[in-house]
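Work through these exercises with the structure open beside you. Try each task before you read its solution.

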Amino acid sequence: MEKLRIAIQKSGRLSEKSLLLLKEAGISLNNGSRKLRSVAQTFPLEVIYLRDDDIPQYVEDGVAHIGIVGENEYAEKECKVDLVERLAYSRCRLSIAVPKSESYESLEDLNGKRIATSYPVILEKYLQEHGVKADIHILSGSVELAPSIGMADAIFDIVSSGSTLISNGLKEVEVIMRSEAVVIANQNLDADIQAILYDLIFRIRSVMAASNNKYILLNAPNENLQEIINTIPGMKSPTVMPLAESGWSSVHSVLSEKEFWSVIDRLRELGAQGILVIPIEKMIV
Ligand code: PRT
Ligand code: ZN
């Protein structure tokens with residue numbers, strides 16, 4: 001049987017989470033000691049390990065059918081591949097930063113300036129769209145050092161917590177793009193491979209939905225039952241069962257992580273008791 005070939009970063013910020021995602025999707029790999037490639041035992045999938053910069057091109061060429069990369073690499077490489085799923089991890093932004101001591105009002109201030117970056121394509125496109133003419137200096141690493149050694153007036157780089165900028169005396173002045181890990185796919189997959197890909201994406205969505213949701217059980221006083229049900233509508237509608245003690249019901253539902261605390265507060269106001277919140281392992285949506 002044919003196997004779906006997926007390219008994953010060999011070692012770096014995306015590697016561990018990408019492998020964990022596969023594992024949670026029920027796909028275990030035969031060699032933990034990541035060599036060049038490994039084969040899944042329980043799913044028709046083969047992993048090849050590459051530098052993240054190379055993944056878009058390998059996917060375009062069909063050496064890998066799909067790959068997991070930062071959206072920034074996908075945007076920078078401009079390869080002919082499809083973005084098929086966003087994965088919500090390795091989130092970061094790509095920003096312009098200038099020395100803290102420099103005044104900065106707007107993009108226009110960048111006219112005639114030298115900007116150091118490893119992402120010239122994304123930057124160039126953005127500056128062009130906004131009518132700014134600057135010199136782009138391409139550096140492959142340690143971009144944040146460029147202003148202090150007089151090589152650039154500004155930088156365009158990945159920012160996550162912002163502490164790298166601060167420790168290099170820089171301030172973030174424009175956010176140009178937000179990025180997260182994404183699945184990219186070759187545009188000419190044959191039907192068999194496409195079917196395996198759908199199956200994989202379905203599993204990935206179930207894992208992501210589960211991690212975004214909790215199972216909630218509580219005891220509700222019947223006089224507020226309807227309002228409590230309205231507060232936690234769940235996937236379809238909550239399960240409601242009478243308790244042995246009259247005047248009370250047990251309510252089971254699903255609650256999204258995002259609204260968790262506000263909903264819990266509301267439930268307590270409505271007199272809910274014995275609230276239990278349980279992680280969901282998989283959620284088929
Ligand atoms: O060896 P290979 O080429 O495969 O790896 P790499 O070194 O090019 O990439 P890697 O592993 O550093 O990052 C892979 C992907 O993770 C990136 O393409 C982004 O999509 C994503 N990502 C998420 C990040 C960060 N967060 C991040 N903080 N990539 C890099 N950084 C760096 C950034 O360059 C800066 O130097 O971390 C520093 C900033 O961090 P803060 O927290 O101080 O702001
Ligand atoms: Zn890289």
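**Exercise 1. Ligand 1**

How far is an oxygen atom of ligand 1 from an N or O atom in the side chain of Asn72?

Solution. The distance is 2.5 Å, between an oxygen atom of ligand 1 and an N or O atom in the side chain of Asn72. A polar contact is a pair of N or O atoms within 3.5 Å; within protein, one must be able to donate a hydrogen and the other to accept it, and residues adjacent in sequence count only if both atoms are side-chain atoms.

Before going on, note the ground rules. This is a predicted model: local features need pLDDT of at least 70, side-chain atom pairs count only at pLDDT 80 or more, and totals for chains, interfaces and linings use all residues. Residues are numbered from 1 along each chain as its sequence is written, chains are lettered from A and ligands numbered from 1 in the order in which they are written, and side-chain values use heavy atoms, with hydrogens and water left out.

Solution. 
- Step 1. A polar backbone atom of Gly162 lies 2.7 Å from an oxygen atom of ligand 1.
- Step 2. For Ser163, an N or O atom in the side chain is 3.2 Å from an oxygen atom of ligand 1.
- Step 3. Ligand 1 is surrounded by 21 residues. Asp53, Asn72, Ser161, Gly162 and Thr164 are the closest. A residue counts as near if one of its heavy atoms lies within 4 Å of the molecule or strand.

**Exercise 2. The zinc ion**

Which residues coordinate the zinc ion (ligand 2)?

Solution. 
- Step 1. Asp52 (OD) and Asp53 (OD) coordinate the zinc ion (ligand 2), at 1.9 to 2.1 Å. Donors are N, O and S atoms within 2.8 Å of the metal (3.2 Å for Na, K and Ca); water is not among the atoms, so sites may look incomplete.
- Step 2. Check the geometry. The angles among the four donor atoms run from 74 to 175°, and the site is irregular. Four donors count as tetrahedral if all angles lie between 85 and 135 degrees; four count as square planar and six as octahedral if opposite donors are over 155 degrees apart and all others between 65 and 115; anything else is irregular.
- Step 3. Check accessibility. Asp52 has 16% relative accessibility, so Asp52 counts as buried. Asp53 has a relative accessible area of 25%, so Asp53 is partly exposed. Buried means under 20% relative accessible area, exposed over 50%, partly exposed in between (1.4 Å probe, protein chains only).

**Exercise 3. Strand β3**

Which strands pair with β3, and is each pairing parallel or antiparallel?

Solution. 
- Step 1. Helices (H or I, at least four residues) and strands (E, at least two) are DSSP runs, numbered from the N terminus. Two strands pair if DSSP finds at least two bridges between them.
- Step 2. Strand β1 (residues 4-9) is parallel to β3, with six bridges. Leu4 has Leu45 as its bridge partner in β3.
- Step 3. Strand β2 (residues 37-39) is antiparallel to β3, with three bridges. Arg37 is partnered by Ile48 in β3. Five residues form the hairpin that joins β2 to β3.
- Step 4. Look at burial. In β3 (residues 45-50), six of six residues are buried. In a regular strand the side chains alternate between the two faces of the sheet. One side of β3 carries Leu45, Val47 and Tyr49, the other Glu46, Ile48 and Leu50, and all are buried.

**Exercise 4. Strand β9**

Which residues stand opposite Ile155 in β9?

Solution. 
- Step 1. β6 pairs with β9 in the antiparallel sense over five bridges. Ala97 stands opposite Ile155.
- Step 2. Strand β7 (residues 114-117) runs parallel to β9, joined by three bridges. Ala116 also stands opposite Ile155.
- Step 3. Five of the six residues of β9 (residues 154-159) are buried.

**Exercise 5. Positive phi in a loop**

What is the phi of Ala88?

Solution. 
- Step 1. Ala88 has a positive phi of about 65° and is not a glycine. Most residues other than glycine have a negative phi.
- Step 2. Ala88 lies in the loop between β5 and β6. Its relative accessibility is 39%, so Ala88 counts as partly exposed.
- Step 3. Ser90 lies in the loop between β5 (81-86) and β6 (92-99). The phi of Ser90 is also positive, near 50°. Ser90 is partly exposed, with a relative accessible area of 23%.
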